[in-house]
Amino acid sequence: METCIINSPLGFTKIVGDLAGITSVTVLNSEEKITDIIPVELEDCIIQLNQYFEGKRKNFNLKLNPQGTDFQKKVWQLLEKIPFGKTLSYLDLSKHLGDIKAIRAVANANGKNPIWIIVPCHRVIGSDGSLTGYAGGLHRKQWLLEHESPYRQQSLF
């Protein structure tokens, strides 16, 4: 398994993966040493993340290999279908799975998503439109949603 640390607008970001695919992308809450030599297996991921942060990419085209239960993987696959700039509620995801009673299990699986940003768990909000829990912190969730919003606040001066 290869690992690297990059700097992003959200903070130091750790990427883990190998030839089988990316297993995790997480934003860290501490300063880390940025990786000098990027493993070839992670290069495309870093390129695509940088394009995303620069506003040049809306969809990722990477081989992913997240580790989790079958249910978690099913939820994560649904997350990947949420279009850039759109949001869904936990209830909406539960309905897509065919079981509105699974809302807590869906929320739990969403919170365990190991591949942040690329598997867009930040696009899931409360039924009332509120920002709800985000493992990376609500300030990062808000940043990501504003970054993807088609409605940009323009400076008047």
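Gly85 is partly exposed, with a relative accessible area of 28%. The model is predicted. Gly85 sits in the loop that runs between helix 2 (70-80) and strand 4 (88-89). Beyond its neighbours within four places in sequence, Gly85 is in contact with Arg123, Glu148 and Pro150. Two of these residues, Arg123 and Glu148, form a salt bridge with each other.

- Gly85 and Leu144 are 59 residues apart along the chain, and 9.4 Å separates their C-alpha atoms.
- Leu144 is one of the buried residues of helix 5 (residues 138-148).
- Glu148, a contact of Gly85, is also among the buried residues of helix 5.

**Helix 5**

- The buried residues of this helix are Arg140, Lys141, Leu144, Leu145, His147 and Glu148.
- These residues lie on the same side of helix 5, because they cover an arc of only 160° around the axis.
- Their packing partners are strand 3 (21-27), helix 1 (40-53), helix 3 (90-97) and strand 5 (124-125).

**Salt bridges**

- The count of salt bridges is three.
- Asp36 and Lys33 form one of them, with their closest N and O atoms 3.0 Å apart; both residues are exposed.
- Another joins the side chains of Glu54 and Lys56 at 3.5 Å, N to O; Glu54 and Lys56 are likewise exposed.
- In the salt bridge between Arg123 and Glu148, the closest N and O atoms are 2.7 Å apart.
- Arg123 belongs to the loop between helix 4 (103-111) and strand 5, and Glu148 to helix 5, so this pair ties together parts that are 25 residues apart in sequence.
- Arg123 has a relative accessible area of 4% and is buried.
- Glu148 is buried as well, with a relative accessible area of 3%.

**Aromatic residues**

- There are four aromatic pairs.
- One of them, Tyr52 with Phe53, is edge-to-face, at 5.4 Å centre to centre and 70° between the planes.
- Tyr52 and Phe53 are both buried.
- Tyr52 also pairs with Phe60: the ring centres are 5.6 Å apart and the planes stand at 40°, so this pair is tilted.
- Phe60 is buried, as is Tyr52.
- One aromatic cluster is formed by Tyr52, Phe53, Phe60, Phe84 and Trp143.

**Cysteines**

- The count of disulfides is zero.
- Cys4 is in no disulfide, and the nearest cysteine sulfur to it, that of Cys45, is 7.4 Å away.
- For Cys45, the closest cysteine sulfur is in Cys4, and the 7.4 Å between them is too far for a bond.
- Cys4 counts as buried, at 1% relative accessibility.
- Cys45 is buried too, with a relative accessible area of 1%.

Note on methods:
Residues numbered from 1 in each chain as written. Predicted model: local features only at pLDDT ≥ 70, side-chain atom pairs only at ≥ 80, totals over all residues. Heavy atoms only, no water. Phe/Tyr/Trp six-rings, centres within 6.5 Å; stacked < 30°, edge-to-face > 60°. Buried < 20%, exposed > 50% of the residue type's maximum accessible area, 1.4 Å probe, protein only. Helix = DSSP H or I, 4+ residues; strand = E, 2+ residues; numbered from the N terminus. Arc of directions from axis to C-beta. Contact = heavy atoms within 4.5 Å. Salt bridge = Lys/Arg side-chain N within 4 Å of Asp/Glu carboxyl O. Disulfide = S-S within 2.5 Å.
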